[in-house]
Amino acid sequence: VHAELAQRLPGCEILISGFCNMEVADEIKKRTGDATLGIVAPDGSIAWEKRSTRLNETVSTIILDGVGFYVPHERMLEALSDEWTAAIAIFPYTEHYYEKELTKFFEYMAASLPVVLSNFPNWRGLIEEPNAGLCVDPADWDGIVSAIEWLHAHPEEAIEMGRNGHRAVQERFNWQSEANKLLKLYST
(Lines give C-alpha, C1' and ligand atoms only; values in the text may rest on other atoms or scores of the structure.)
Protein backbone atom coordinates (compact mmCIF):
# COMPACT_ATOMS: atom_id res chain seq x y z
CA VAL A 1 0.00 0.00 0.00
CA HIS A 2 2.67 2.49 1.01
CA ALA A 3 4.73 1.87 -2.13
CA GLU A 4 1.74 2.27 -4.45
CA LEU A 5 1.07 5.70 -2.98
CA ALA A 6 4.02 6.90 -5.07
CA GLN A 7 1.93 6.38 -8.19
CA ARG A 8 -1.25 7.85 -6.72
CA LEU A 9 0.28 10.99 -5.16
CA PRO A 10 2.48 12.60 -7.85
CA GLY A 11 5.49 14.40 -6.49
CA CYS A 12 5.29 12.94 -2.99
CA GLU A 13 8.15 11.64 -0.88
CA ILE A 14 7.62 8.42 1.06
CA LEU A 15 10.06 6.99 3.59
CA ILE A 16 9.62 3.32 4.41
CA SER A 17 11.88 2.66 7.37
CA GLY A 18 12.47 -0.49 9.37
CA PHE A 19 13.79 -3.98 8.73
CA CYS A 20 12.74 -5.25 5.31
CA ASN A 21 13.88 -8.52 3.76
CA MET A 22 15.02 -8.53 0.13
CA GLU A 23 11.88 -10.30 -1.09
CA VAL A 24 9.62 -7.60 0.33
CA ALA A 25 11.97 -4.87 -0.93
CA ASP A 26 11.77 -6.31 -4.44
CA GLU A 27 7.95 -6.28 -4.25
CA ILE A 28 8.00 -2.67 -3.05
CA LYS A 29 10.27 -1.73 -5.97
CA LYS A 30 7.82 -3.30 -8.42
CA ARG A 31 4.88 -1.37 -6.99
CA THR A 32 6.48 2.08 -7.00
CA GLY A 33 6.07 2.59 -10.74
CA ASP A 34 8.59 5.09 -12.10
CA ALA A 35 9.24 6.79 -8.78
CA THR A 36 12.80 7.72 -7.96
CA LEU A 37 14.04 5.07 -5.57
CA GLY A 38 16.59 5.55 -2.81
CA ILE A 39 18.01 2.57 -0.95
CA VAL A 40 19.67 3.53 2.33
CA ALA A 41 22.75 1.52 3.31
CA PRO A 42 23.59 0.60 6.91
CA ASP A 43 26.04 3.54 7.05
CA GLY A 44 23.26 5.97 6.05
CA SER A 45 24.43 6.62 2.50
CA ILE A 46 21.76 6.42 -0.20
CA ALA A 47 22.01 4.76 -3.61
CA TRP A 48 19.58 6.55 -5.95
CA GLU A 49 17.82 5.00 -8.91
CA LYS A 50 16.04 7.48 -11.19
CA ARG A 51 13.44 5.59 -13.20
CA SER A 52 11.43 8.34 -14.90
CA THR A 53 11.83 10.82 -17.71
CA ARG A 54 8.94 12.96 -16.46
CA LEU A 55 9.44 16.39 -14.90
CA ASN A 56 10.95 16.07 -11.42
CA GLU A 57 8.07 17.81 -9.61
CA THR A 58 5.64 15.12 -10.82
CA VAL A 59 7.87 12.18 -9.97
CA SER A 60 7.48 10.70 -6.51
CA THR A 61 10.38 9.53 -4.37
CA ILE A 62 10.47 6.35 -2.31
CA ILE A 63 13.25 5.87 0.22
CA LEU A 64 13.75 2.38 1.66
CA ASP A 65 15.78 2.30 4.85
CA GLY A 66 16.42 -1.11 6.37
CA VAL A 67 16.70 -3.50 3.43
CA GLY A 68 18.41 -6.48 5.01
CA PHE A 69 19.31 -4.74 8.30
CA TYR A 70 17.72 -3.18 11.36
CA VAL A 71 17.64 0.60 11.21
CA PRO A 72 19.55 2.17 14.12
CA HIS A 73 17.30 3.74 16.75
CA GLU A 74 18.92 7.15 16.33
CA ARG A 75 18.16 7.13 12.60
CA MET A 76 14.53 6.20 13.27
CA LEU A 77 14.23 9.11 15.72
CA GLU A 78 15.80 11.44 13.19
CA ALA A 79 13.33 10.34 10.51
CA LEU A 80 10.40 10.85 12.87
CA SER A 81 11.59 14.39 13.63
CA ASP A 82 11.41 15.44 9.96
CA GLU A 83 8.42 17.45 8.77
CA TRP A 84 6.02 14.98 7.17
CA THR A 85 2.47 15.56 6.00
CA ALA A 86 1.46 12.34 7.75
CA ALA A 87 2.68 9.12 9.24
CA ILE A 88 1.07 6.29 7.29
CA ALA A 89 -0.03 3.02 8.90
CA ILE A 90 -2.38 1.51 6.36
CA PHE A 91 -2.58 -2.25 6.56
CA PRO A 92 -5.03 -4.65 4.88
CA TYR A 93 -7.92 -6.36 6.63
CA THR A 94 -6.32 -9.50 8.03
CA GLU A 95 -6.61 -11.22 11.39
CA HIS A 96 -2.90 -10.55 11.88
CA TYR A 97 -3.44 -6.77 12.03
CA TYR A 98 -7.10 -6.41 12.96
CA GLU A 99 -6.67 -6.94 16.71
CA LYS A 100 -3.15 -5.54 17.18
CA GLU A 101 -2.11 -2.13 18.38
CA LEU A 102 1.16 -1.44 16.61
CA THR A 103 3.97 0.36 18.40
CA LYS A 104 4.39 2.60 15.39
CA PHE A 105 1.07 4.37 16.17
CA PHE A 106 2.41 5.55 19.49
CA GLU A 107 5.83 6.42 18.03
CA TYR A 108 4.15 8.54 15.35
CA MET A 109 1.96 10.29 17.90
CA ALA A 110 4.93 10.84 20.26
CA ALA A 111 6.70 12.52 17.32
CA SER A 112 3.70 14.87 16.87
CA LEU A 113 2.84 13.50 13.44
CA PRO A 114 -0.77 13.19 12.32
CA VAL A 115 -1.50 9.54 11.58
CA VAL A 116 -3.41 8.07 8.64
CA LEU A 117 -4.30 4.48 9.42
CA SER A 118 -6.66 1.64 8.62
CA ASN A 119 -10.11 2.10 10.11
CA PHE A 120 -10.11 -1.05 12.24
CA PRO A 121 -12.31 -0.48 15.31
CA ASN A 122 -9.53 -0.72 17.91
CA TRP A 123 -7.18 1.43 15.82
CA ARG A 124 -9.89 4.02 15.19
CA GLY A 125 -10.38 4.39 18.95
CA LEU A 126 -6.72 5.25 19.46
CA ILE A 127 -6.73 8.01 16.84
CA GLU A 128 -10.22 9.47 16.65
CA GLU A 129 -10.84 10.17 20.35
CA PRO A 130 -7.75 12.35 20.73
CA ASN A 131 -8.24 13.65 17.14
CA ALA A 132 -4.70 12.58 16.26
CA GLY A 133 -5.24 11.67 12.63
CA LEU A 134 -7.56 10.17 10.04
CA CYS A 135 -8.87 6.64 9.61
CA VAL A 136 -9.41 5.21 6.13
CA ASP A 137 -10.69 2.06 4.53
CA PRO A 138 -7.47 0.26 3.48
CA ALA A 139 -9.19 -1.00 0.32
CA ASP A 140 -10.36 2.48 -0.78
CA TRP A 141 -7.58 4.20 -2.72
CA ASP A 142 -9.62 7.35 -3.26
CA GLY A 143 -10.20 7.63 0.49
CA ILE A 144 -6.54 7.04 1.30
CA VAL A 145 -5.34 9.65 -1.19
CA SER A 146 -8.04 12.12 -0.12
CA ALA A 147 -7.01 11.85 3.54
CA ILE A 148 -3.36 12.54 2.77
CA GLU A 149 -4.22 15.36 0.37
CA TRP A 150 -6.53 16.90 2.98
CA LEU A 151 -3.74 16.93 5.57
CA HIS A 152 -1.38 18.48 3.02
CA ALA A 153 -3.95 21.16 2.14
CA HIS A 154 -4.77 21.87 5.81
CA PRO A 155 -1.40 22.18 7.56
CA GLU A 156 -2.76 23.96 10.64
CA GLU A 157 -5.27 21.16 11.27
CA ALA A 158 -2.55 18.56 10.61
CA ILE A 159 -0.23 20.24 13.12
CA GLU A 160 -3.05 20.31 15.68
CA MET A 161 -3.68 16.58 15.12
CA GLY A 162 0.03 15.95 15.68
CA ARG A 163 -0.09 17.93 18.93
CA ASN A 164 -3.19 16.02 20.03
CA GLY A 165 -1.43 12.71 19.42
CA HIS A 166 1.64 13.87 21.32
CA ARG A 167 -0.53 14.93 24.24
CA ALA A 168 -2.36 11.55 24.19
CA VAL A 169 0.99 9.74 24.46
CA GLN A 170 2.11 12.05 27.27
CA GLU A 171 -1.11 11.58 29.22
CA ARG A 172 -2.45 8.10 28.38
CA PHE A 173 -0.47 5.96 25.98
CA ASN A 174 2.69 5.45 28.00
CA TRP A 175 4.22 2.98 30.41
CA GLN A 176 3.38 4.96 33.50
CA SER A 177 -0.34 4.94 32.71
CA GLU A 178 -0.38 1.29 31.61
CA ALA A 179 1.84 -0.20 34.33
CA ASN A 180 -0.92 -0.58 36.93
CA LYS A 181 -3.17 -2.35 34.40
CA LEU A 182 -0.41 -4.80 33.54
CA LEU A 183 0.55 -5.42 37.15
CA LYS A 184 -3.12 -6.02 38.03
CA LEU A 185 -3.36 -8.52 35.17
CA TYR A 186 -0.25 -10.34 36.44
CA SER A 187 -1.64 -10.50 39.96
CA THR A 188 -4.88 -12.11 38.77
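The model is predicted, with local features needing pLDDT of at least 70, side-chain atom pairs counting only at pLDDT 80 or more, and totals for chains, interfaces and linings using all residues. Residues are numbered from 1 along each chain as its sequence is written, and side-chain values use heavy atoms, without hydrogens and water.

An open sheet is built from 3 strands in the order 5-6-7, with parallel pairing. Strands (E, at least two residues) and helices (H or I, at least four) are DSSP runs numbered from the N terminus; two strands pair if DSSP finds at least two bridges between them. Strand 5 (87–89) and strand 7 (133–136) each have a single partner strand, so one side of each lacks a neighbour in the sheet. From one strand to the next the twist averages 15 degrees. Strand 5 pairs with strand 6 (residues 115–118) over 3 bridges, and Ala89 lies opposite Leu117 of strand 6.

Contact means heavy atoms within 4.5 Å. Angles run from 0 to 180 degrees between N-to-C directions, and axes are lines fitted to C-alpha atoms, for helices over the stretch in contact.

| Helix | Strands touched | Angle with strand 7 |
|---|---|---|
| Helix 6 (residues 121–128) | strand 5, strand 6, strand 7 | about 160 degrees |
| Helix 7 (residues 141–153) | strand 5, strand 6, strand 7 | about 170 degrees |

**Helix pair.** Helix 7 packs against helix 8 (residues 155–171) at about 100 degrees, with axes 5 Å apart. The two are therefore roughly perpendicular (65 to 115 degrees). Residues in the contact include Trp150 of helix 7 and Met161 of helix 8.

Note on methods: Parallel < 35°, antiparallel > 145°, perpendicular 65-115°, else oblique.
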